[in-house]
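Please open the model in your viewer and keep the sequence panel beside it. The stops below move from the sheet to the cores and then to the charged pairs.

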Amino acid sequence: MSTYFPIFLNMQGKNIRVFGGGKIATRRALVLLEFGADVCVVAPEIAKELEDLAQISGKRKEPEDLAQQGQITLSYRKYQPGELTEEDFVFAATDNEQVNHAIFQECRHKEIPVNVSSDKEKCDFYFPGIVCDGDITIGIASGGRDHKKVAEAAAKIREWISCRK
């Protein structure tokens with residue numbers, strides 16, 4: 001049995017820092033934005049998908065749009081030790097283990113919940129596979145052990161939900 005307790009949090013307006021600009025960071029940021037988090041992505045290079053999203057995000061004017069999705073900002077630079085001050089959650093998803101470890105240590109020191117995508121032992125929480133259908137949200141996790149199995153389970157649940165409609 002996992003020692004991690006499944007919990008659903010209101011992410012509206014939460015201050016999230018994502019270090020890394022690749023595939024994993026992009027997936028995390030996109031999901032967090034859907035749940036209303038304010039996401040700052042920090043990396044020397046950032047995926048085009050996030051760049052495009054940041055341009056769209058900056059142009060939104062309607063209050064109802066802002067209530068549905070969070071805001072994204074991009075910072076084209078490397079992690080700077082000591083920069084974490086007001087984050088609610090941090091994701092370390094760089095391709096550099098030393099940088100991920102430094103982020104982990106700073107978060108631990110400042111008691112900021114952190115997820116290091118490359119090391120399940122350095123995760124205060126896991127990022128679940130998510131299935132949404134209207135007001136129903138399902139989170140799926142394997143304790144950081146089998147991401148492929150989580151993705152397969154999420155796909156099966158999505159298929160099951162779509163068949164019941």
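This is a predicted model: local features need pLDDT of at least 70, side-chain atom pairs count only at pLDDT 80 or more; totals for chains, interfaces and linings use all residues.

Begin with the strands: selecting them shows an open sheet of 5 strands in the order β3-β2-β1-β4-β5, with parallel pairing. Residues are numbered from 1 along each chain as its sequence is written, and side-chain values use heavy atoms, with hydrogens and water left out.

Next, colour β3 (72-75) and β5 (114-116), which stand at the edges with a single partner strand each, so one side of each has no neighbour in the sheet. From one strand to the next, the twist averages 15°. Moving to β2 and β3, you will find that these strands run parallel and are joined by 4 bridges; select Cys-40 to see Thr-73 of β3 standing opposite. Then show α1, which packs on the sheet and touches β1, β2, β3 and β4, its direction making about 165° with that of β2. That angle is taken between N-to-C directions on a scale from 0 to 180 degrees, using axes fitted as lines to C-alpha atoms, for helices over the stretch in contact.

Now turn to the nonpolar side chains. The largest nonpolar core has 20 residues, and those with the most contacts inside it are Ile-16, Val-18, Leu-32, Val-39, Val-41 and Phe-91. Such a core is a set of buried Ala, Val, Leu, Ile, Met, Phe, Trp, Tyr and Cys residues joined through side-chain atoms within 4.5 Å, where buried means under 20% relative accessible area, exposed over 50%, and partly exposed in between, with a 1.4 Å probe and protein chains only. Two or more residues come from each of β1 (15-19), α1 (23-34), β2 (38-42), α2 (48-59) and β4 (89-92), and α1 gives the most, with 4 residues.

Which residues surround Val-41, leaving aside its neighbours within four places in sequence? Val-41 is in contact (heavy atoms within 4.5 Å) with Val-18, Gly-20, Ala-29, Ile-46, Leu-50, Ile-72, Thr-73, Leu-74 and Ser-75.

Finally, display the charged side chains. The structure holds 7 salt bridges, each being a side-chain nitrogen of Lys or Arg within 4 Å of a carboxyl oxygen of Asp or Glu. In helix α2, Lys-48 and Asp-52 lie 4 residues apart, about one turn of the helix, and their closest N and O atoms are 2.9 Å apart; Lys-48 is exposed at 56% relative accessible area, while Asp-52 is partly exposed at 32%.

Select helix α4 (residues 97-110) next, where Lys-110 and Glu-106 are also 4 residues apart and form a salt bridge with closest N and O atoms 2.8 Å apart. Lys-110 is partly exposed at 33% relative accessible area, whereas Glu-106 counts as buried at 9%.

How values were computed:
Two strands pair if DSSP finds at least two bridges between them.
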